[in-house]
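Please read it alongside the sequence and the coordinates shown here.

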Amino acid sequence: MPERTGEFGKFGARGAKGSELVARKLDDLAGYIATPVTARRGLMARLHYLTRTDHARSAARAAGLTVTDRTLKAWLDGKRRPTARNLDKIDAAYRTVRRHNVAQHLLKRLNRAGRGTRVEIHPLNQSGVNRPQQRVVPFRDMNVRRWDAIVAAWAAGDAQSLDTAWTDHVLPDLGSQWGAYEYCTAIGFAA
């Protein structure tokens with residue numbers, strides 16, 4: 001049984017943790033607002049998303065946006081502009097609330113009533129590794145049926161739990177070579 005990689009990149013291999021790539025793909029599927037928060041349009045879209053209902057306001061406060069209602073109104077009316085620090089807080093709160101709001105929908109689509117979702121795993125890049133130290137790591141695809149822990153960790157923003165769910169519960173389904181896919185160049189799936 002393979003162990004987790006201790007010194008990734010020591011011999012020149014390049015890639016990213018599979019769990020990070022899964023989180024990026026889930027972020028893409030979440031459909032965030034494309035306009036940056038620094039542009040007026042992006043700021044207004046995020047503020048409207050975070051303040052349109054009382055439930056959204058409480059979720060924004062729980063996510064770290066702790067400004068007064070008066071300040072929020074001034075931002076929405078365009079009378080004041082948030083500081084760079086507050087722009088970061090607005091964007092972080094928006095992403096947290098959006099993740100929470102779309103998690104159930106994504107989970108339902110990824111699980112597909114027990115049929116799961118096909119996942120493509122592109123292996124790590126070994127172009128920088130000396131020839132004798134390279135190993136054969138082919139492209140793989142697999143069907144992931146249990147997305148519950150992965151989506152829950154992603155929605156909570158818990159990278160450690162997401163890594164555990166992906167590496168310890170999904171990758172072993174690849175067989176005895178699963179340790180070679182802890183780091184990879186791309187992971188693709190659709191929901």
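In this predicted model, the contact between α2 and α5 brings L43, R46, L47, Y49 and L50 of α2 against L87, I90, D91, A93, Y94, V97, R98 and N101 of α5. By residue class, the contact of α2 with α5 divides into 9 nonpolar, 1 polar and 3 charged residues. Two members of this contact, R46 and D91, also have side chains that meet in a salt bridge, with an N to O distance of 2.8 Å.

**Packing of α2 with α5**

- The angle at which α2 and α5 pack is about 50°, and their axes lie 10 Å apart, which makes α2 oblique to α5.
- The crossing of α2 and α5 is left-handed.
- The salt bridge between R46 and D91 links distant parts of the chain, since R46 belongs to helix α2 (residues 40–51) and D91 to helix α5, at a separation of 45 residues.
- Both R46 and D91 are buried.

**Packing of α5 with α6**

- Helix α5 (residues 84–111) also packs with helix α6 (residues 148–156), here at an angle of about 165° and with the axes 9 Å apart; the two helices are therefore roughly antiparallel to each other, given that angles over 145 degrees are counted in that class.
- The crossing of α5 and α6 is right-handed, and the contact is made by R99, V102, A103, L106, L107, L110 and N111 on the α5 side and by D148, V151, W154 and A155 on the α6 side.
- The residues of the contact of α5 with α6 comprise 8 nonpolar, 1 polar and 2 charged.

**Salt bridges**

- E182 forms a salt bridge with K17, in which the closest N and O atoms are 3.0 Å apart; since E182 lies in the loop between α7 (159–170) and β4 (183–188) while K17 lies in strand β1 (residues 16–17), the pair ties together parts that are 165 residues apart in sequence.
- E182 counts as buried because its relative accessibility is 2%, and K17 also counts as buried, with a relative accessibility of 17%; the cut-off applied to both is under 20% relative accessible area.
- K17 and E182 are joined by D163 in a network of salt bridges.

**The loop residue G128**

- G128 is located in the loop between β2 (117–123) and β3 (140–144), and its relative accessible area of 39% makes this residue partly exposed.
- Leaving aside residues up to four places away in sequence, G128 touches F11, G12 and R14.
- Although G128 and R14 are 114 residues apart in sequence, their C-alpha atoms are 7.7 Å apart in space.

How values were computed: Residues numbered from 1 in each chain as written. Predicted model: local features only at pLDDT ≥ 70, side-chain atom pairs only at ≥ 80, totals over all residues. Heavy atoms only, no water. Axes fitted to C-alpha atoms, helices over the stretch in contact; angles between N-to-C directions. Helix = DSSP H or I, 4+ residues; strand = E, 2+ residues; numbered from the N terminus. Parallel < 35°, antiparallel > 145°, perpendicular 65-115°, else oblique. Left-handed = near helix turned anticlockwise from the far one by under 90°. Contact = heavy atoms within 4.5 Å. Nonpolar A, V, L, I, M, F, W, Y, C, P; charged D, E, K, R; others polar. Salt bridge = Lys/Arg side-chain N within 4 Å of Asp/Glu carboxyl O. Buried < 20%, exposed > 50% of the residue type's maximum accessible area, 1.4 Å probe, protein only.
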